[in-house]
Amino acid sequence: MKRNTSLCKRLLLLLALSATWLVGAVAQETPRWLRYAQISPDGNQIAFCYQGDIYIVDAIGGEARLLTGSDGYESHPTWSPDGKRIAFMSNRDGHRSIYTMSALGGDVKRITHHSGNSHTVECYTPDGRFIIMSEALQQPATSALNPSGILSQLYMIPVDGGTPMLYNARPLEAVTFSHRGDRYVAQDIKGFENKWRKHHTSSVTRDIYIVDPKSGVTTACTLEPGEDLSPVFGPDDQTVYFLSERGKSNSLNVWKQRIGEQTAQQVTSFRNHPVRFLSISRSGRLCFAYDGDLYTMTEGRSPQKVQITLRSEGPKDKVYRRTASSGGSSFTPSSDGKQLAFIMRGDVYVTSVEHGTTKRITQSSGAEESVTWSPDSKTLVYDSRRDGKHILYKATIASDKELDFASATIIKEEPLMPECKMEQALPQYSPDGKQIAFVGDRKCIYTYDIASKKLTQVTSGKDQPEMHGYISFEWSPDSRWIAFEYTPNRHAPFGDVGLVRATGGEVINLTNTGYFSNLTGWVMGGNAILFTSDRYGMRNHASWGSMSDAFLVFLNRKAYEKFNMTPEERDLYDRAGLDTLQYGSDPVPAENAKKKKDETKPIIVEVKGLEDRIVRLTPNSSDLADAYVDADGKNLYYLSAFEGGYNLWHTDLRKGNTSMLRQLELSGSAYMRPTPKGDKIFVVSSGRVQCFTPASKKFESVNYRARVELDSYAEREAMYDFMVREEGLRFYRADMHGVDWKGLTDHYRQFLPHIATSEDFSEMLSEILGELNVSHTGSGYRQSSSEPPTAHLGLLYNWYALPLEGIIVDEIVPGGPFDTYLTKLQPGDRIVAINGTRIDHHTDWRNLLAGATGTLTAVTFYSNKEQKEITEAVRPISSGRLSGLLYKRWVKAREAEVQRLSNGRLGYVHIPSMGDDAFRTVYSEVMGKYYQCDGIIIDIRYNGGGRLHEDLETFFSGKAYLQQEVRGQNYCTMPSRRWTKPSVMLVCEADYSNAHGSPWVYQTLGMGKVVGMPVPGTMTSVNWVTMQNPLLFFGIPAVGYRTQQGDFLENKQLEPDVQVPLDYSRVLDGHDSQLEAAVRVLLEEVKAHPQPTFPKR
């Protein structure tokens, strides 16, 4: 057959052009910011993570091959011993779970199915039949460990999935087996500190242990004060390689140490940035990450960078698109109440209240905040970070024919004050529309005259010590005054409400108390200012927990006296058509009063007697979110929570009647935004809005549909700039702990183009912030899941012994679903089915409880007593509810142990957090059931902080000075509200923040002895900052605590008077060595410090 060569040439040319086009479409890329690398057992390949996917590459470098490509975030690849499969973590189906796949790609199997982010794949067992995972699932019923979620256990689960079996109840992670498989090495878990923190040398840093799984013998390998991480066995199984900051480099490097020896040798000498993700092959080939790249190394040779390329179709997930009907913030109504401006994902939107038509006003990568409307609703002003710092912009409708922003086609944007160099934030139009007030350079309130472009400084800023830049303020209706919150007298965090002329001058303190006072707004035509305060409510014993009331402060006697008229006086006044309170003075005729009603009169401020013109409005103190008083001073509307969420309440201020207007059950940050006339009140919570019309008492939902479309990479760069600036300006020490902040953050900026997920971005921020060597920082990502959460039956199980069918119950948790006289379930029985589905080794039965919280569920168990299967219906509980029950169980066990060891002479209280509820429990028990005891053990182990050191100091430092007596009988020892007998404070490495400050106060003031382990120096106050992607946040340690010796408490470890480690060889069997020591010490203190007597004469 004759070949058509011309046609063949044309086809070959077409194929060549097609190949060229494909090569151009799929470009070669050199990836950076490579994470979670692990070398294969034979040392020939490396699995690693990049942009939320898992790749594999030859150990000598080359083109990487994509193994996963789901929409989820994949991480922690772990090789099977034969190198044929890889286990990894993924949230592709919702919950963060363990999966396995072929090392060639494909054949993906899900291994775990329960909710929560607490479990992580560690490694395969040496025989390849099981996967070791760490999870804070459940401690053994015999354990005396605190049931804190940070104290995870090790479990092994079949490689094809099924019921996990407890492998080691001691809190360990980063597990690696020896090459012979006869033991494993791991790092311990002691406390709450961010895992990316560096350079700290404290008791909470991680140490390395070697475990014999057969005997359970655990041997400490390293016990240095700094971090020792990521241990692996060398090829001879007699050497452990690990990461440590020892040596002069002050950076995480690879070190090695012979087992049984005390000294370690440095293997790598990288500087300035940490080595991460250490792994090793059977032949001893090391693999790790440094400064965004991967390296391999054979001992005796220099580290070699692995040159990696991969095929890329362009940036992953570059454009983020969604239509949002919730999640907005900073809702602000226009003057007429027809439009509502708000912020969504950092941009300004306006929606029509009636029609729901929504217009995007701004489109910048930097976040916009704080929208204000001009009185005519024709202009919007807001602050924007698009230029790297807060700058005010204004937006107007380009066409005169278009009446509102929601339906406008073209929006014109421009800087409001292009010549102004200071930071500008929180703008507010004056009611007359002639001026805009704003916060300048984070400290002072300024006004800007729109016509003359004149700037006027209104406040000095001396009473605004922090640099967060948020000052709550509001114009008076006559545009001549500004009310604002401030902190006079250097008495933070307590604040007052001040009043100052818009032209500046002396500040009038309107509230002047030592309580919290918060501005709500001008009311009653500007004759009064509404504020909230906890001065009469149940005060908090911490940073939170107070109950507040709404108050009015009247600026002049006329308004005050009119407000306080009796119904008869008010009736006479109204019928006379008077516009004055002074009897005998010239009345204003009714027709003239009506004419002048809409005129804005200058507000009269009478300073004399101001403190006597403060009126409490709310009949009961409560958790008060917001309040509003109408123009006539007749009605008070407020959002209050007595139990559950916030509801809308109403008080008739003339009749005194109070009722709930609407049961809303709002959660989170709820607030109200009234229109200037008060004819509409917009109620906002969790990004949703309802419009309340007072006249008709009608509620309507305000619907909006905000079309969000943004460049994810540009947004991350803007958020990065924001973090850099905020941390640099607001860190509690100007020297940034000696870190070259600009040099550090400029260096890490190079990785931004390689980051495509919020998880990686958050980790990079944590890595940067970790260089500051400070507590209360790092970044987090609030992950959500589409899968239902796993419910719980309120049982403790025997995770060590798994029968062929079911799981054995060790204990019924008090207060749980089975804690009822009706049940026949007893310890030792087996749960064999849930809702009819049988349970065996191949069933991860916890998945059978997905979404079952509060739902009637059939649980079948085999009763040893009845010798048959029984089915009972219960309502499973949530993880949070179970955690609370397990905590109460643990506390009661500690109480009983102290009573037993002291023969009833000593009491015991545990403080889980430095908050109000905890203190009230402590007070109740100490002054109640333990009042006759000779001493109290104050256990604050695993306390995450708060603000309670002042209350604890006052309460536990009492000294007896009087005895009340009735006819020779002791009636009460004074002081009657403070503990006057001996106490000890029990501490550990996990105590954090105020749980470091409280024992420092206790020890420094000589209140008693501190027993336990050293407490890391973590005493700062933090601002947790949410970013424009509201799922991301980071921490700024904004306030330090300086001692009289000139030191800050941060990084100043507290050494206990009696150091006692927790004996893990006994604690899992129920013996709390630290508690036992505390009892011994306190009994000695009781003997050494007898109580004073009051002899009769």
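A residue is called buried when its relative accessible area is under 20%, exposed when that area is over 50%, and partly exposed in between, as found with a 1.4 Å probe on protein chains only. Helices (H or I, at least four residues) and strands (E, at least two) are DSSP runs, numbered from the N terminus. The structure is a predicted model, in which local features need pLDDT of at least 70 and side-chain atom pairs count only at pLDDT 80 or more, while totals for chains, interfaces and linings use all residues. Residues are numbered from 1 along each chain as its sequence is written, and side-chain values use heavy atoms, with hydrogens and water left out.

Strand 31 spans residues 347–352, and six of its six residues are buried, so the strand is largely enclosed by the rest of the structure. In a regular strand the side chains alternate between the two faces of the sheet. Both faces of strand 31 are covered, with Asp347, Tyr349 and Thr351 buried on one side and Val348, Val350 and Ser352 buried on the other.

Strand 31 also has strand partners, where two strands are said to pair if DSSP finds at least two bridges between them. Strand 30 (residues 339–344) runs antiparallel to strand 31 and is joined to it by six bridges. Within this pairing, phenylalanine 342 has tyrosine 349 of strand 31 as its bridge partner. Two residues lie between the strands in the hairpin of strand 30 and strand 31, where arginine 345 has a positive phi near 50°. Strand 32 (residues 358–360) is likewise antiparallel to strand 31, with three bridges. Here threonine 351 is opposite threonine 358 of strand 32. The hairpin of strand 31 and strand 32 has five residues between the strands, and glycine 356 in that hairpin has a positive phi near 80°.

Six bridges connect strand 4 with strand 3 (residues 45–50) in the antiparallel sense, and tyrosine 50 has aspartate 53 of strand 4 as its bridge partner. The hairpin of strand 3 and strand 4 has two residues between the strands, and glutamine 51 takes a positive phi near 55° there. Strand 6 (residues 65–66) is antiparallel to strand 4 and is joined to it by two bridges. In that pairing, isoleucine 56 is opposite arginine 65 of strand 6.

Grid points are joined across faces, edges and corners, and a volume is the space filled by probe spheres set on the points. For linings, Ala, Val, Leu, Ile, Met, Phe, Trp, Tyr, Cys and Pro count as nonpolar, Asp, Glu, Lys and Arg as charged, and the others, Gly among them, as polar.

The second largest pocket holds about 680 Å³ of space. It is lined by 36 residues, of which Ala136, Leu137, Gln138, Leu882 and Leu886 are the closest to its centre. Helix 8 gives the largest share of this lining, six residues. The lining of the second largest pocket consists of 17 nonpolar, 16 polar and three charged residues.

Five cavities of 30 Å³ or more are counted. The largest cavity has a volume of about 100 Å³. Among its 13 lining residues, Trp33, Arg35, Pro274, Asp291 and Gly292 are the closest to its centre. Strand 23 (275–280) and strand 24 (286–290) each supply at least two residues of this lining. The second largest cavity, with a volume of about 40 Å³, is lined by His949, Leu952, Glu953, Met985, Ser998, Val1001, Tyr1002 and Met1007.

Methods. On a 1 Å grid over the protein atoms alone, a cavity is a set of points where a 1.4 Å probe fits but cannot get out, and a pocket is an open set with protein on both sides within 12 Å along at least five of seven lines; lining residues have an atom within 4 Å of a point.
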